Amino acid sequence: MSFKLKTILLFLGVSLIPYALSMILLGSSFRQEQYKAITQEMNTQVRLSAERIDQLLQTLHNDMVFIAKSEIMNDIYTQDLDRRISSMLILKKNDMKMRGDFYVIDPNGKIIASSDFASIAQTKKLKPLFAVPILSNFTQKEIAKLVVTYPLENFLPFFSNTPQRHYYVQHRDGTISLRPAVFEESLKVSHPLDNHNDLTIVLEEEKGFAYRLLYKYEQWFIALLIIGALFIATAAYYVATALIRPVIVLSNTAKIITRTQDYTQQVSVTRDDEIGQLSDAFNTMIGGMDNALGEITALNREIEDTQREVVFTMGSIGESRSKETGNHVKRVAEYSKLLALYYGLEEEEAEMLKQASPMHDIGKVAIPDAVLNKPGRFDEEERRIMDTHAALGYDMLKHSNRTLLQAAAIVAYEHHEKWNGSGYPRGLSAEEIHIYGRITALADVFDALGSDRVYKRAWDDEKIFALFKEERGEHFDPKLVDIFFDHLDEFIAIRETFKDVHES
């Protein structure tokens, strides 16, 4: 993770987390207040409804007490008085606009009078809401009871029901009356009736409807939370970016220096704080590195030049032991570079092969003179000894970590391998042979055949060219042979430029 991203995330954490926590706590407090306000409003509504019903019931009870104490009730057994009392009860029922009926019941349970004429003289099992005793004016003993059956439907005028909100009655035993519908999720409040404590008025409201305003506020709250977070995030991004811009400049300059190796780069940061001090220190360091690099570059160049001279000299020593001239290694070097370039190797690599190719016969320094300079053909044992020079040269060079000497080790080891696999020392074939070995092989043979040796005279060009055509795909890489013939004039020019002195 980049320093810029870390800094931005730090600023976001420092600013957004407290903001979010504050907003969440504020929203939670607001939500609790809204919940409380909604519940209080519902409690107020159900309490008012219960109080109005209680007033109605209290009025009903008071009227029944008044009727029970009236003079007419002491004459209840007088002939036709039951109808007079019943007529009074009918008037009371109509006056109260209520459902249900009043009944005057004697001690035996017989209905003496009623607002329901049809029930007079009957015995019924009633479930009265109220029962008031009728006392004798003379003995003060109970002579009958005035009761009222009062269906709960009488409460409906006090219930302002809607599809999302309704009232109903709950009995002490848990049963429910007058409930018009059941909501999946609801909010409920209740209030008991003072004048009939077996009954409780319940106000039930669908949850979504009850919290409709709260949900709307929460949507606005979330929107404000997001807008505020985006504002803080944007501000944090620009503040963090401004703070770390000098650090980014330092980082980018360091990357450019690493990529281009240009130690003349300088950072321009004008600040009086620690970042400014860091940029000054960076510029001082880069300046020192530029000077040191110049010295190191000069030393490396000197080392490389010395290394090339040593490599060329060692190659010349190997050739001189076999009575060959130093110009042989020069020509092989030039041929190798030319082949490498036309083969497709980069200029730098082709130049390195040119510097390494003179070492191709370095192993000959370990071959006895009697074998190395024998004027005639080798016998089997002498050939075996002579062929060891490739492995001997490789063993001399393989331990070096220098790129040039590593390339020279490959050239020494593989320049006698053949494309068809019949070469030595390992019998490699085709592209198993390193391109350095394939190139040097062709360059070495071309120059060797065209030069005098202690054991042979130089071949003429036609004979050499004929051999190369025959050995295309046998001894030599076919592509390299084609390159040789395509640019034959350049190879001839190199041979003329570095002609051995005794050939003039």
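**Exercise 1. Lysine 92 and its surroundings**

Find which residues lysine 92 touches in this predicted model, leaving out residues up to four places away in sequence, and decide whether lysine 92 counts as buried or exposed.

*Solution.* 
Step 1: Locate the residue. Lysine 92 sits in helix 2, which covers residues 81-96.
Step 2: List the contacts. Once residues up to four places away in sequence are set aside, lysine 92 touches Asp63, Ile67 and Phe102.
Step 3: Look at the Asp63 partner again. The side chains of lysine 92 and aspartate 63 are joined by a polar contact of 2.6 Å.
Step 4: Check the accessibility. The relative accessibility of lysine 92 is 18%, so this residue counts as buried; the cut-off for buried is under 20%.

**Exercise 2. Helix 11, its span and burial**

Compare the reach of helix 11 with the expected value, then explain why helix 11 can be described as largely enclosed.

*Solution.* 
Step 1: Take the span. Helix 11 comprises twelve residues, 403-414, and its first and last C-alpha atoms are 17 Å apart.
Step 2: Compare. At 1.5 Å a residue, 16 Å is expected, and the span of helix 11 is close to that.
Step 3: Consider burial. Nine of the twelve residues of helix 11 are buried, so the rest of the structure largely encloses this helix.
Step 4: Name some of them. The buried residues include Leu404, Leu405, Val411 and Tyr413, and Glu414 is also among them.

**Exercise 3. Leucine 442**

Determine which residues leucine 442 is in contact with, leaving aside neighbours within four places in sequence.

*Solution.* 
Step 1: Note its relative accessible area of 1%, by which leucine 442 is buried.
Step 2: With neighbours within four places left aside, its contacts are Leu339, Phe468, Phe476, Leu480, Val481 and Phe484.
Step 3: Finish with a distance. Leucine 442 and histidine 415 are 27 residues apart along the chain, and their C-alpha atoms are separated by 8.4 Å.

Definitions and conventions
Residues are numbered from 1 along each chain as its sequence is written. This is a predicted model: local features need pLDDT of at least 70, side-chain atom pairs count only at pLDDT 80 or more; totals for chains, interfaces and linings use all residues. Side-chain values use heavy atoms; hydrogens and water are left out. Helices (H or I, at least four residues) and strands (E, at least two) are DSSP runs, numbered from the N terminus. The expected span of a helix is 1.5 Å times one less than its number of residues. Buried means under 20% relative accessible area, exposed over 50%, partly exposed in between (1.4 Å probe, protein chains only). A polar contact is a pair of N or O atoms within 3.5 Å; within protein, one must be able to donate a hydrogen and the other to accept it, and residues adjacent in sequence count only if both atoms are side-chain atoms. Contact means heavy atoms within 4.5 Å.
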